[in-house]
Amino acid sequence: SILHGNFHEIYFVDIHAASPQTITEIDFFSQIELHQKHAIFIGIGDNKIRENLYNKLIQHHITPQNCISQHAFIAHDAQLGNAVVICPGAVIGSQAIIHNNSIVNTLSSVDHDCVLGEHSQITAGVNFGGNTITGKNCFFGIKSATIPNVIIGNNAVIMAASLVCNDVPDNVMVGGIPAKVVKKI
């Protein structure tokens, strides 16, 4: 829906072609030279699958494009990497940095001076307090939030409706209010 109206034709790449506007991943990469001049966007929710696809495209000298809703607000001094998806109602604050191949979903807020690491995903209704810094491959469940000035390690999973009040180490799942380590990943 973010792309609708901006392009004459839109095709989807999937493992299994399900419609005339779907191309299998095998067919896509076997004909990669046909696609090198097209705008390519990645909107896959699974961080690892999205990261693998992003890296495969980069290896083929294709830089995926940003997919940004016209109904999102992005501060003029925020920085976006490539292959970033910003959904309707999202707010990216002043001097925030959204690194490559990350998703900021519907009605989520990334406050001033925050950093969202590569291949990470903020699901719907998530709020980052100012100066929240995340590692790469992080996942934030629906309606989770951080207070200002927390650091979240690589591969961290923040469970839905959790409030992060302290730094989070690498490779853990946290949940609750305040969020505590639930398990190591």
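Strands here are DSSP runs of at least two residues, numbered from the N terminus. Keep that in mind as we walk through this model, which is a predicted one.

Let's begin with a loop. Between β7 (91–92) and β8 (97–98) you'll find Gln95. Its phi is near 60 degrees, a positive value, even though Gln95 isn't a glycine.

Look for Asp113 in the loop between β10 (109–110) and β11 (115–116). Here too phi is positive, about 60 degrees, in a residue that is not a glycine. With a relative accessible area of 31%, Asp113 is partly exposed.

In general, most peptide bonds are trans. Pro178 sits in the loop between β20 (172–175) and β21.

Now for the strands themselves. In which order do the eight strands of the open sheet come? Follow β3-β6-β9-β12-β15-β18-β20-β21, and note that the pairing is mixed. At the edges are β3 (67–68) and β21 (180–184), each of which pairs on one side only. Ile86 has Val104 as its bridge partner in β9.

Val104 turns up again when we look inside. In soluble globular proteins, nonpolar side chains tend to be buried together. The largest nonpolar core in this model has 27 residues, and Val104, Val110, Phe140 and Ile152 are the ones with the most contacts inside it. Apart from this core lies another, of ten residues, including Ile40, Ile42, Ile62 and Ala83.

Setting aside residues up to four places away in sequence, Ile152 touches quite a list, including Thr132, Cys138, Phe140, Ile158, Val164 and Val168.

Phe140 also has a ring partner. Searching the whole structure turns up one aromatic pair. Why is it called edge-to-face? The ring centres of Phe128 and Phe140 are 4.8 Å apart and the planes meet at 65 degrees, so the pair gets that label; the cut-off is over 60 degrees. Phe128 belongs to strand β13 (residues 127–128) and Phe140 to strand β15 (residues 139–140), twelve residues apart, so the pair links distant parts of the chain. Both phenylalanines, Phe128 and Phe140, are buried.

Lys56 lies over the face of Phe29, at 4.3 Å from the ring centre.

Our last stop is Lys136, in the loop between β14 (133–134) and β15. Lys136 is partly exposed, at 38% relative accessibility. Which residues does Lys136 contact, leaving aside its neighbours within four places in sequence? They are Gly117, Glu118, Ser120, Asn154 and Asn155.

Conventions. Residues numbered from 1 in each chain as written. Predicted model: local features only at pLDDT ≥ 70, side-chain atom pairs only at ≥ 80, totals over all residues. Heavy atoms only, no water. Phe/Tyr/Trp six-rings, centres within 6.5 Å; stacked < 30°, edge-to-face > 60°. Helix = DSSP H or I, 4+ residues; strand = E, 2+ residues; numbered from the N terminus. Buried < 20%, exposed > 50% of the residue type's maximum accessible area, 1.4 Å probe, protein only. Lys NZ or Arg CZ within 6 Å of the ring centre and 35° of its normal. Pairing = 2+ DSSP bridges. Contact = heavy atoms within 4.5 Å. Core = buried A, V, L, I, M, F, W, Y, C linked by side-chain atoms within 4.5 Å.
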